[in-house]
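Here are some notes for a colleague who is meeting this structure for the first time. Please keep the model open beside them while reading.

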Amino acid sequence: MSGFDHRTYYEMLRDSMSVALVKAVLNKDLAESKETRLKARGNGGEVDAKQESEELAEFIEFLATDLFQYLPKDLTIITYDMKLADETGYIGSIESAEDFLNNLPGSYVDAIVEAKLLGADGDAEDVKRMTTSVMEDYLATATAPPLKWTETRPLECELCAREVKLTYHHLIPRSTHSRVLKKRMHPEYMLNRVAWLCRSCHSFVHHCEENMELAKNWYTIELLEQRDDIQKWISYISKRPGKTRVK
Ligand SMILES: [Zn+2]
Ligand SMILES: [Zn+2]
C-alpha cells in the first residue's frame, strides 16, 4: 500500500480501469443510433441503465483482478519517494509499463473484445490503447505526491475522536526541521504533515516526548497510538465531554 493514498495498489488499478472503461462505454453509447436508445427507453430504459451499471462495475472488478495478478511486481510497489529519487525519470513513466502493455494477458484482452465493450469491432489494438490510458492513470496515482496535509482537516480529534476545537500538531515539530533534513531522517515533503488534535491531546503528546524524539520515533498518528501512555490517555480523555460539533 502506498503511504499516502489509503487505497491499495489493486484498488488504484481498479479505479483507473473504471475511469477508462466508463469513458469508453459512454463513447460507444453516444455512437449508437438514437433509435436504439429510444427503444431502450420505451422498454423501461432507466431500470436497464441501473442494472447495466452494476454489471459494468462487476466486470471492471473482474478485469482489474485479472490484470493486477499479471502486473510486474515492480509496478505494484512504486511510491512518490522512489519516483523522486530516480533521476532517469523511468519510475512511474508509461515506458516502465511498455513490456507489460505489449504482452497483455490473453484472458483479459479476450474478455473485453468478447463483451464488445469497445464497440462491435473493437479489437486487441483497441484494448491495448484503452489499457495504456488505464496504466497512465494508475502510474500517476501510485506515484502522486502526498495531499496537502492541512487540507485533510477532520472534524474529530485524531487521537480521542471528540468533536471539539482542533489545533494542528506538526508530526515532525518545526524546531527539528533543519536537523531532520541534515540527518536525512525524513524527506523534505514530509515536514508539513500535521495531525489535527484537540488542545488536551496536543498538550499530552508534547508532555510525553521532546520534539526531537517526536520527530525521530513518533512522527505518525499510528505510531503515537501504539504507546501505552497514549492509549491510557485516550481511554481517559475520550470519556470527557466534548461531543459538540465546532464549525
Ligand atoms: Zn483529543
Ligand atoms: Zn504539536
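1. In which helix is Phe-59 found? Phe-59 is found in helix 3, residues 45–70, where helices are DSSP runs of H or I with at least four residues and strands are runs of E with at least two, numbered from the N terminus. Because Phe-59 has 17 C-beta neighbours inside 10 Å, Phe-59 counts as partly exposed (buried means 20 or more other C-beta atoms within 10 Å, exposed 12 or fewer, partly exposed in between, with C-beta atoms placed from the backbone).

2. This is a predicted model, in which local features need pLDDT of at least 70 and side-chain atom pairs count only at pLDDT 80 or more, while totals for chains, interfaces and linings use all residues. Residues are numbered from 1 along each chain as its sequence is written, and chains are lettered from A and ligands numbered from 1 in the order in which they are written.

3. The mean pLDDT (the predictor's confidence in each residue, from 0 to 100) of the chain is 84, with the lowest confidence in helix 2 (residues 34–42), at a mean of 50, and the highest in helix 5 (residues 98–102), at 97.

4. In helix 7, the buried residues include Val-127, Thr-131, Val-134 and Tyr-138.
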